[in-house]
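The sequence and structure come first, followed by notes grouped by topic.

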Amino acid sequence: MMWKWLDKMTNTTETNWLEKDKRQLHPVYHPNSHANAMVVERGEGVWLYTADGRKILDGMAGLWNVNVGYGREELAQAAYDQMKKMAFTSNFSGMTNLPSIELADKLAGFAYDGLNTTFFTSGGSESNDSAFKTARYYWKRKGKPTKYKVIARKGAYHGVTLATTFATGLEKYQAMFGPAMEGFIHIPAPNPYRFEGEMKAGETVGQAAARALEEAILREGAETVAAFIAEPVMGVGGVIVPPDDYFPLVRAICDKHEILFIADEVITGFGRTGEWFALKHWNVKPDILSFAKAVTSGYAPLGGIQISDAIRETIESASDAETWMHGYTYSGHAMACAVGLKNIELMEREQYPARAKELGKRLFEGLESLKEFGFVGDVRGLGLLCGVEIVSDKDAKTADPAQTMKVFKAASERGLRTRPVGNALAFAPPLAISEEEVDEIVKRLGAAMDAVA
Ligand SMILES: Cc1ncc(COP(=O)(O)O)c(C=O)c1O
């Protein structure tokens, strides 16, 4: 007893929390990455408060997901009310529950016309895995069972299940988990600052990147390709905003070769870029939409896919042997769906997409002003999703990971949370951020850069 009591007393210090924390394995774990982990106790708005008394401006909204900000009573209440009634019941085998019915109904046609059916998951990796399986299923039902491959882009991040690990276009996520899953092909991303594909005379980056897709389809044989997957704005790959001509061309190529277009809007969905969903910027519609993260603003684990009416029809008209044999214990989790519904209601009421557009402009302009530093090579963004690329030579656009880490650390020391992604630092604060808090991000980042310079 005495020991238990003593243990409790001594564990109130940060060091002891971290000692105890060694009993869990964290995502993308290396012992160095957690040696000085920040122990976060609570959050309010855009601010995080740590166990050792620091106040941090969360420029990443958690993991690009806490769109309505921390500490929202209404979401806590929605979870409480639903948990009291019934937190969970099976959504399998002829059972359903009211919050999942209501949320699926709310989402019907909400993101894009013609996407009226939702399948719920617990997060983004499961959503993309479900999208791949559904694409394969669709082509089997259409009498084209040889269509199974997925084309993705270099630098893409689609998750960490076995399939999404190899759909991801970042080698470091794959190196220790090979051999690679067969059937995932990667093409250059439409990166206007640093395009890694081949460009023909007179071509734009958007045209060259779209041509890379068509060439990959022809090389593999369209009869073997089920789907193309893309994040409208690449997140983990370095916040890559595509040129305006890219996605309309991609849509046309997918149609021409009968390839399903999967939009991975796990980051860009639910207002982040200034539209409810990001392909709206270019007037393009996917066949399958993957979402997660901000559907609940991170208040409950929830994700899903939305499928076109044509795909729905193939599932609806299947024989017993062709059952869409897929689903998770937590598909349509009642409490998570209740939180999702309340979260969307709140985002509609407070007009978050419009806010993201307006405040995103302010953030972008502020970050642009930091180009006065010799090592700020590029600033890019769409809505409240921005990236600042650090280079050692502006003309040669030489990436500088060491300097990027220095700026990242200096920003952390000044109470600003950002994240190194690709060759850039990412900024994706809660959409609930105020103008003053946007300016505070720029101020703290500027001070960090000053210190490093
Ligand atoms: C674009 C994208 N897709 C998929 C995922 C995977 O989502 P999750 O971590 O919820 O499985 C992420 C996570 O960051 C993501 O950014």
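Helices (H or I, at least four residues) and strands (E, at least two) are DSSP runs, numbered from the N terminus. The model is predicted: local features need pLDDT of at least 70 and side-chain atom pairs count only at pLDDT 80 or more, while totals for chains, interfaces and linings use all residues. Residue numbers start from 1 along each chain as its sequence is written.

**Domains**

- The domain assignment of the protein gives domain 1 (38-68 + 351-452) and domain 2 (74-349); such bounds come from an automatic or database assignment.
- Taken over C-alpha atoms, the centres of domain 1 and domain 2 are 26 Å apart.

**Nonpolar core**

- A nonpolar core is a set of buried Ala, Val, Leu, Ile, Met, Phe, Trp, Tyr and Cys residues joined through C-beta atoms within 7 Å. A residue is buried if 20 or more other C-beta atoms lie within 10 Å of its own, exposed if 12 or fewer, and partly exposed in between, with C-beta atoms placed from the backbone.
- The largest nonpolar core has 123 residues, of which Ala135, Ala227, Phe228 and Ile262 touch the most other members.
- Helix H11 (residues 334-349) gives the most to this core, nine residues, and the core draws at least three residues from each of domain 1 and domain 2.
- Not counting residues up to four places away in sequence, Ile262 touches several residues, including Ala131, Pro286 and Ile288.

**Strand E9 and its partners**

- Strands pair if DSSP finds at least two bridges between them.
- Strand E8 (residues 260-264) runs parallel to E9, with three bridges between them, and Asp264 stands opposite Ser290 in E9.
- On the other pairing, E9 and strand E10 (residues 303-308) are antiparallel and joined by four bridges, with Leu289 opposite Gln306 in E10.
- E9 (residues 288-291) is covered on both faces: Ile288 and Ser290 are buried on one side, Leu289 and Phe291 on the other.

**Around the ligand**

- The shell around the ligand has 15 residues, and Gly123, Gly124, Ser125, Gly159 and Val266 come nearest; a residue is near a molecule or strand if its C-beta atom, placed from the backbone, lies within 6 Å of it.
- Helix H6 (residues 124-141) gives the most to this shell, with three residues.

**Loops and backbone**

- Most residues other than glycine have a negative phi, and most peptide bonds are trans.
- Lys397, in the loop between E12 and E13, has a positive phi of about 55°.
- Lys397 counts as partly exposed because it has 14 C-beta neighbours inside 10 Å.
- Ser93, in the loop between helix H4 (73-86) and helix H5 (98-107), has a positive phi near 45°.
- Ser93 counts as exposed because it has 6 C-beta neighbours inside 10 Å.
- Gly178 and Pro179 are joined by a cis peptide bond, with omega about 0°.

Key. Contact = placed C-beta atoms within 7 Å.
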